[in-house]
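Please look at the structure below together with its sequence, and keep both in view while you read.

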Amino acid sequence: MRAGSLTQSLVVMRKEIKDWSRDRRSIITVLVSSLLAPGLIFIMFNSMATRQRSAEDVTIPVVGASHAPAFVEWLGQQAGVTIADGPDNAEDAVRNRREDVVIVIPENFAKNFRVSRPAQIRLVADSSSQNSRPKVQRIRTLLQRYNSEISSLRLIARGVSPAVATPMQIEEVEVSSSQQRAATILGFIPLFVMLAAFTGAMAIATDSTAGERERGSFEALLANPAPRLAIASGKWLAGTVTAVVTVLITAALLFSMFRYLPLQDLGMRFRLGTPELIGTLAVVVPLAPLIVALQMYVATFAKSFKEAQSYLTFLMMAQMIPGMMQTMNPTTARAWWMHYVPWIGQQSLLTDVLGNKPIGPEVYAIVGVVNLTLAVLVVRATAGLLHREKIIFGR
Amino acid sequence: MIRVTSLRKHFGDVRAVDGVTFAAPDGQVTGLLGPNGAGKTTTLRMLYTLMRPDAGQILVDGIDAVDDPQGARFALGVLPDQSGLYPRLTAREHIEYFGELQGITGSELRQRTEHLLQMLDMTAIADRRVAGFSHGERTKTALARAIVHNPKNVLLDEPTNGLDVMSTRAVREIIRRLKGEGHTVLFSSHVMQEVSALCDTIVVIARGRSVAAGTPDDLRTQTGHQNLEDAFVALSGLEAEGQPS
Amino acid sequence: MLRRLFVAFLTTFVLTGCNQAQPNQAIDRLKPCTGHDAPVDAYCGTVKVFENRDTRQGRQIDLNIVVLPALRADAQPDPLFFLAGGPGQAAAGMAKQVRDMFRRVQTDRDIVLVDQRGTGKSNPLTCDLSDAEDDSLRAAMVSYEEVLGRVKACIDKYDADLTQYATPIAMDDLDDVRAFLGYDKINIYGGSYGTRAGLVYMRQHGDRVRSAILDGVAPPDMRLPLFFPKDAQRAFDMLVKDCESNDGCREAYPNLGPRMKALMERLEKEPPTVKITHPRTGETANIRVDARMLANVMVFTLYIPTASALVPAIIDAADRNDFQSMFALGSLGDGGGAQQMAIGMQLSVLCAEDAPRNTADALAREAEGTLFGNYAMKLQSDACGFWPRGKVDPSFYEPVTSRVPTLVMSGEIDPVTPPAWGDQIAKTLSHSTHIVMPGTGHTAGGTGCGQRIMAAFIASGTVDGLDTSCVSRVTRPPFFVSPAGPDPGVPPASNASGSAKAADKPAGQAPK
C-alpha cells in the first residue's frame, strides 16, 4: 500500500511536470525571471562603477576662481582633477542637474585668509542626487586635505607642533574580510535566489491546486483510489523540481555574471567560485520544498488561478521580510538558532557563504532536515485540506 | 451492486439530501431522475466518497463507502458533474494518467487505453491535446479515463448534458455496452427521454428524497399516467404540493 | 523546441558556473593578516632565507611579506613589488601609503611588500639615535658625539652578521619571495634607495622583470654621501631663486640667500642660547641653538616641498634670533605614526657599498663651500669607520644595462636624488623615459600626476605612448608670506625654476 502510494505520487509528479513543461507561459516566466535578477544587478553595478569613476577623474566647476587663485591652483594639481569655469548661477545649475557640484569662492576669501580667519568657501551640491554623491565626497575630501595642510603649516609657523591639534589618533581596525563586507553589500543575492525558488514553483503550485479546482478536474482526480497524501505530495514534488531547476539557473546565471561586474572599480574585492555556488545551492535548495509546500497550501484555498496568484503575491512579500530586515538592520551578533529558521537562516547563512566564512557540514545537514520536515508537515496539512468538501466543491 | 439506504446530507439549513434509498443491481442501468436541485449530484458525490453523508449507508459491492472510502473508490468509475480536463495533455495521456493512478501499468495499460479509444471511436483524436476538443470529445475523454480500470460500478453524473445528438447517441451506446459487459451503471439525468431509453430501473428524486423507484412501467402504473413525463411531473409535483407553504 | 532551449540554457550556465576554478594564487600561500596594525584585507606570510646565502648555514631570517591582493577577479598575473627607501625603511609597514599611492594598480594586480632583510619584521637592525621617550627639550640638544656613541653601542646588541645585509644579497632574497609566491614575472617600483635595489634586481634577475619604475634615483655607484652637500645646496639655491622670483616672497623675505649664509656662520661661531617652548609639550627651556640643528631641519625640510613653503619664513625668524618655528618644523616627524628607519641596516648597506669608494679628501672637497656640507649624512660617513663592512663585487658599481621598460622619475628640486642621477641611469636603460616633475622634492610618484603616470605605465608595460602631459602643470607649493600662509590672491609661481614657464605667467604676475 505504501509503495503503491509512492508510485502514485510519482505518477502525479510526472504528469504535473509534463503539463508544466508544455506551458509556454510558465517556461518563459522562469527564463525571464531568472534573467531579470542578474540583469538588474549588472545594470546597477555598472552605473555605480561609472559614478565612482566619475569621482576619480573629476571636473570641478569653480565660481570666483580669481578670488583664490592659489587654492584653485592647488586643487587643479590633485590627481585627476580638472578645473572648469563655474556657471553663472551655481544653485540653479546644481538644482537643475546641469552640474553635479560647484565650488563657489566668495569675494572676501583672500581678505579673511590673509588674517587667518576661516575663509568661507561654498560647496554647492544636491545630496538627493545619487549620481553626484561620490563626486561630492571626493571634493569634500580634497577640501579637507587643503585645510589640514594649511593648518599644519600655520601651526608650525607659530612654533607649535601640528601634533597638538590631533588629541586622538583614531585607528580603525577592520576585522571582517573584504569578501564579507562585499557580501553584506550584496545581501540581496540571497533574496534573488530564494525568489527564484518561489517563481519557479509558482506555476505548478497554482495550476495543480486552484487551477484544477477552477477547471473542474479536481473531482475526477480525487475520485481515484489514490490517497490524498500521494496526490498532494506528487504535486509538491513536481513543484519542488521546477523550483530547484529555477534556482539552479538563477544561481548559475548570477555566478557567471559576477565575473563581469566591475566590483574592483568600487574598491571591492569579491570572489565567487564553485565553492560559493555549491554553498549557495546547499543553503537554498532545502528551502525550495518548503516554499513549494506553503505555496500549495495557500493556493489550495483559492477558488481560481487568479485568486491563488494574488494569495501567493502576499506570501512572496512575507518571505522577503526577513531579508529586508536584515538588509536594513544587519545584525552581526546572531543567535545560533537563527541559522535554522527558514528564510532568516538562509539569509544569514548565505551572507556567510558569500563572505567565505566557513560553515560546518552539520549546519547544512540540520538546515536540510529542518526545512524538509517542515515541508512534509505542510504537505500533510495540504493533503488534509483535500478531504474538505468546501475545498473540493466550494466555488 | 450499489445499495443506498436513508442517505442524508445538509449544507447549513439546506437539506440537500433528505432520505434517499435505492439499489442499483449488477448488470443493470439505474437512472437517478429528478429536476435540477433535487439532490442527484449530492447523492452521487456521497456515493463516490467525496462527500460524507450526515446519515445513511452506502454499500458498493458490499464495501461501506463511508468507512472505507478508498476501498469503495477502487470499485468505482466516476464521471463527475464537473469533469474538467487538462488542456495541455492529449486524450491518450488523460486515460493513461488515470490508469496509472489506478495501478495499471505497462502493456496492460496500453491495451486498455487502446481498447477504450476504439470503443469510444476516439483513435483519430487520441494524440491531440484536448484544448481544442468539442464538448462531445471532452465527454468521451472524461468517460474513458473514468473507466480505464474497468470498474465494476460506473457512476455518471448527467453524462449527456449539453451534448449534441450524435454525441448523446454515442454515450448511450457506451452505457449499453457497459451494461452488456455486466457493469453496474448508475447515472443521473433530468431528461426523461434519456432515462426511459436506457434504464432498467428509474429512481425519481425530488426535494432530496427518493420518491419512487422501479421500471418505467412500474412508474407509469404507480402514477396512473401513461406518459412517463406526466408520471415524473406527478411524482415530483405531488411532493411540491405536500409541502406546507 | 522551447524545452530544448530550456535544457540548453540550463547546461550552458551550470557549466560556465563551474568553470570558474582559479589558478593557484600567491595569496593561497599566505594567511589573512591579523593584529591591529595589519593592513585591511591584506595577506601575510614569511619566507625563510639563510642570512649567509653563500654558505647556506647558520642563522636564518624570516622575511616578512604582505600582499595586497588584486581587486579584480581576472587579475593580471604579474604583481607590483614595492621596494622601500632609506635604506632602512620597511616596505610592509608602509602598506597603507602604498595602497593609496597605487590604488589603480591594485585594481588589476597584487601588490607585494617585502621587508628587506634588516628592516621591519625581517630581523630588524634598528638603533635609537635619540631617546624616543624623552619629551623634554634637552633631547634636541644631544651632542653629535653622543649620537655616534649610541650607534656604536648598537653593534653589540644585534643577533646578526652585519656584513650580510647589502643590496645584492637582499635582491636574491627578493627573488626567493617571488618564486615562493609563484609569480613568473613582476613589476617593480623603487623609491629613493629602492631604485638602487630595483636596479640591482634588474641586473641579477632581469628576466623576471616586466616593467620597472625608478623614482628618485640613487644608483649603486652613487657614493653616498659624497655629492649630497652639493645636491642639497642646489635644492636650497633653487628655493631661494623661486622665492626671489615671487613678488610676495621677495618682499616679505628679501635677500634670503646671503642672510642664510650669514646665519649659518653666526651659529657656527657663536651659537646663541634662546628661550624655546617645546612645540608639542609646551615646556619652556633655554636652548643653545647651533648650526647642526638648523642644517638638520633645513635638509630634512627640503625633501618635502609642502614643508619647504615655510623655509623663507623660518630663515627670516631665525635671522632675528627667533628659533621657535624652526623647532616646530623639526618636530614634524614626532607626532607619532612615522615608522622607524633601521639605522643598522642602513649602515650595513652604505658601509659596504658606498663608503669604500669615498675618501676623506673627496668628502671634504665636495662639502667645500656648501651650507650643509659639514652636517649632511656626516653620521653615516663617520659610523662606517667602525661598522662591520660587507663586500660587494667591483661589477656592482657598473651601470645597469637593461631592455626592461623602465619609467625613471625625479623631483626637480630633490635635495638628495636630483634629476642628474635619473639622466645617468637612463643612458643604459634602452627602453626607458625620464620624467622630471617640476616643483617636486624627493620622489615624484606620490604626486597626483605621478600616480596617474605610474598606473598607466604599469598597465601598458611600455613607455611608448605614455601620456605625461600632466607634468607641465605641477608647480612648487607657494611659499608662506605671512603666518596665515601663502598669498591666497596670487597664483603660485607657476614653474618653480622653469624659465620657459615663467613666460606663460599671466600678465601682471611677472617679476618686476
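This is a predicted model: local features need pLDDT of at least 70, side-chain atom pairs count only at pLDDT 80 or more; totals for chains, interfaces and linings use all residues.

Residues are numbered from 1 along each chain as its sequence is written, chains are lettered from A and ligands numbered from 1 in the order in which they are written, and side-chain values use heavy atoms, with hydrogens and water left out.

A salt bridge here is a side-chain nitrogen of Lys or Arg within 4 Å of a carboxyl oxygen of Asp or Glu, and over all chains the count comes to 55 salt bridges. One of them joins Lys135(A) to Asp100(A), with the closest N and O atoms 3.1 Å apart. Lys135(A) lies in helix 6 and Asp100(A) in the loop between helix 4 and strand 3 of chain A, so the pair ties together parts that are 35 residues apart in sequence. (Helices, H or I with at least four residues, and strands, E with at least two, are DSSP runs numbered from the N terminus.) Lys135(A) counts as buried at 13% relative accessibility, whereas Asp100(A) is partly exposed at 27%; buried means under 20% relative accessible area, exposed over 50%, and partly exposed in between, with a 1.4 Å probe and protein chains only.

In chain C, Asp176(C) forms a salt bridge with Arg53(C), the closest N and O atoms being 2.9 Å apart. Because Asp176(C) lies in helix 5 and Arg53(C) in the loop between strand 2 and strand 3 of chain C, this pair ties together parts 123 residues apart in sequence.

Turning to chain B, we find an open sheet of 6 strands in the order 6-7-8-3-9-10, with mixed pairing, where two strands pair if DSSP finds at least two bridges between them. Its edge strands are strand 6 and strand 10 of chain B, each of which pairs on one side only. Within chain B, strand 3 (residues 29–33) and strand 8 (residues 184–189) pair in the parallel sense over 5 bridges, and Val29(B) has Val185(B) in strand 8 as its bridge partner. Helix 8 of chain B lies across strand 9 and strand 10, running at about 110° to strand 10 of chain B; axes are lines fitted to C-alpha atoms, for helices over the stretch in contact (heavy atoms within 4.5 Å), and angles run from 0 to 180 degrees between N-to-C directions.
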